Amino acid sequence: MITSPGEALWYHLRHRFIEPRYRSEASEDEEADWADPAGRLRQYAEEALVSASCTRLISKARKHLKQIVPAGSATCELPYQESTIDAVKQFCVDPLGMSFSDRYLGRFASLAFDSAVAAGQGASPTTRRSAFREAASRAGGRVACYLCATVLGRWDMFKHDKDLPLDHLWPQAFGGVSGEENLLPICDACNGLKKDRITWDVYGTVHDYALRLNTADGLALTRLALHRRAAAKLAEDEQISLKEAFMLIGPYQELSAVQSDESDWFFNQIAHNADVLKDLW
Ligand SMILES: [Zn+2]
């Protein structure tokens, strides 16, 4: 269940550019592992491209709105919407190898506009309070970071705070809505690491992913990325929201896929870095 326009754009991009190839090649594929449509490395690389495209389309819509909307005006007015949709279409038709008759093009541009509008609408104090209180009520009055389980304190300690530490599960900057359905409490350390990342493509390229040096941030980011990946997969498989998936999975310590002893898994960089790359570099 998709809750944010940026999230919808990501899935539309994947559907348009990745899934048809999986389907068409699955039947005839007799090649080596690298070309296996189910291969995780390929999946990783393709999803990284989807993420890069998604963020570029939304960034373009945001920049365009910033240029055309006078200060104090509402960005969602029709002329601004039409102008932005046109600008995004022009922007992406060539790099994405699309034609103006492609039925996905208008959908991409429209979702990029909706994402840019969502990016400009932060959570109200009432929504933040309500999201925070709901998280506390599920944990006996204590508020904990949804990523690392660090206890932030009892709900009473925060009830007069204006700036409650909440994370947009789908980042606001990339079209995440500011409603309770997209907010969970987060600690400062995790918030600082996660920033606006939208998928498990932590470092940007496959090469970086496989050969990244062993830095403390690198390991922590890998944990966050794998955790995020597991939640996104659960949400998609079970047709639930990202928030429901994160709540079902729990903090990353409880996720077996990110335990360091599973060193034989290609994408578990924690073990590979600590045991091997440290000596190589
Ligand atoms: Zn945390």
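Which residues of α1 are buried?

## Helix α1

In this predicted model, the buried residues of α1 are P5, G6, E7, L9, W10 and L13. The helix itself runs over residues 5-17 and has 13 residues. From its first C-alpha to its last, α1 reaches 18 Å, which is close to the 18 Å expected at 1.5 Å a residue.

## The chain as a whole

The chain has 281 residues, of which 35% count as buried. Among contacts in the chain with a separation of 6 or more, 67% are between residues 24 or more positions apart.

## How α1 lies against α5

Two packed helices are described by the angle between their axes and by the distance between the axes. For α1 and helix α5, which covers residues 103-119, the axes come within 8 Å and cross at roughly 155 degrees. Angles over 145 degrees count as roughly antiparallel, and α1 and α5 are therefore roughly antiparallel to each other. The crossing of α1 past α5 is left-handed.

## Residues in the contact

On the α1 side, the contact is made by P5, G6, A8, L9, H12, L13 and R16. They meet Y104, R107, F108, L111, A112, D114, S115 and A118 in α5. By type, the residues of the contact of α1 with α5 divide into nine nonpolar, three polar and three charged.

Definitions and conventions: Residues are numbered from 1 along each chain as its sequence is written. This is a predicted model: local features need pLDDT of at least 70, side-chain atom pairs count only at pLDDT 80 or more; totals for chains, interfaces and linings use all residues. Helices (H or I, at least four residues) and strands (E, at least two) are DSSP runs, numbered from the N terminus. The expected span of a helix is 1.5 Å times one less than its number of residues. A residue is buried if 20 or more other C-beta atoms lie within 10 Å of its own, exposed if 12 or fewer, and partly exposed in between; C-beta atoms are placed from the backbone. Two residues are in contact if their C-beta atoms, placed from the backbone, lie within 7 Å. Axes are lines fitted to C-alpha atoms, for helices over the stretch in contact, and angles run from 0 to 180 degrees between N-to-C directions. Angles under 35 degrees count as roughly parallel, over 145 as roughly antiparallel, 65 to 115 as roughly perpendicular and the rest as oblique. A crossing is left-handed if the near helix is turned anticlockwise from the far one by less than a right angle, and right-handed if clockwise. Ala, Val, Leu, Ile, Met, Phe, Trp, Tyr, Cys and Pro count as nonpolar, Asp, Glu, Lys and Arg as charged, and the others, Gly among them, as polar.
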